[in-house]
Amino acid sequence: MSVTFIHTGDLHLGMEFKNASFVGEHAKRRRRELWETFEKIIDRAEEKKVNLLLIAGDLFEDEYCTVGDIKRIRDAFSSLSTTKVVISAGNHDFIGKKSLYKVIDWSNNVHIFLNNKPEKLVLNDINTTVYGLSWNKKDERKALADEISDLENSKINILLIHGDAYNADSNYLPINRYKIKHFDYAALGHIHKPEFITENIAYCGSPEPLDFGEGGKHGIIEGIIDKEYLDISFIPFNKREFIIKEVQINENMGYRDMLDSIVNCDSKLNRDKNLYRVILDGIRDNDIKLNLDDIIEVLKDKFYYIELIDNTKADYDLDRMEEENSNNIIGGFIKEMKLKGIDNPIVKEALYAGLEILLSEKVKK
Ligand SMILES: [Mn+2]
């Protein structure tokens, strides 16, 4: 028989986005959206009647969740008619003495690995064993999953764990991918970017990205598995995406032109939905002073969310600068570059890059 599953993790339910660049209403709304996406995953599991819902840690933020929140999670799980939920806790929902996992009774279809040593959950009805363990503190340097060897070959063996398969010296439970390759499937959590490491080891990623470091598509993994066969697919599930755009400014642009190029960095359909960080780069007219708050205020109807970073440089008054520096390297450099033709944008960029270095040297002296 084959077994169907959804592999998710890193939902971070309850997160308050205190360290995020966006605050206030946006943070509150993002917090609600994490819950919405969680409920959608539950709906999907029910609709597809999957055998297993595997949760690879960081289901919630222990610090920011209440008992009410945990009851909400419990009720979602208990609503599933055929799906078994299996959870290995991570560093944000680690199972300490006062863990929220322990304050309520879970329905029979939920199994939580409570220890920080590998344990197995034998599911005879689907000929499957799930191996898992939970963090019991905020950091974990031991490679706790590397020595599991008691696999029964007639069974479908799944590993469910939260840890770092990229760095052997990680403070976040290092995982050696060669030591877990004998599992039929290893369902990993912790890295928020979804990634199929090998054909049978994968990070599901966070279904909703949490900040601008988590660009690109996010979602869940759906799989079908038996002893001879594994098919896993990434299913996009995120409501919003974090998008970083670089917008090139030049000295011939007026204020309006700049606003237009910011708006044109993406389509309306995308702007209405996603969170944008726009980085302004290039050279701007010396007379235009950029007030980022003002620009954001003007553009707020065009973007669901926008923040700006100004990396532009004010245009230099080259003639005056050349004259004032006629007896030093700065003046000489401007003269040389002018001969090369500063109408050529590459020459102009080189000139400005060079001037930036020369002028900073001058300040140091
Ligand atoms: Mn996480």
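Predicted model: local features only at pLDDT ≥ 70, side-chain atom pairs only at ≥ 80, totals over all residues.
In what order do the six strands of the open sheet run? Residues are numbered from 1 along each chain as its sequence is written.

**View 1. The open sheet, with mixed pairing.** Here the order is β5-β6-β7-β8-β10-β9 (strands are DSSP runs of E, at least two residues, numbered from the N terminus; two pair if DSSP finds at least two bridges between them). At the edges, β5 (119–123) and β9 (195–198) each pair on one side only. From one strand to the next, the twist averages 20°.

**View 2. Strands β8 and β10, paired in the parallel sense.** Three bridges join β8 (residues 185–189) to β10 (residues 201–203). Look for Ala 186, which sits opposite Ile 201 of β10.

**View 3. Helices α3 and α5, crossing at roughly 60°.** The axes (lines fitted to C-alpha atoms over the stretch in contact, with angles from 0 to 180 degrees between N-to-C directions) of α3 (residues 255–263) and α5 (residues 292–299) come within 11 Å. Helices are DSSP runs of H or I, at least four residues. Leu 259, Ile 262 and Val 263 of α3 meet Ile 295, Val 298 and Leu 299 of α5 (contact: C-beta atoms, placed from the backbone, within 7 Å).

**View 4. The surroundings of Leu 54.** Beyond its neighbours within four places in sequence, Leu 54 is in contact with Phe 5, Ile 6, His 7, Val 86, Leu 160 and Ala 187.

Conventions. Contact = placed C-beta atoms within 7 Å.
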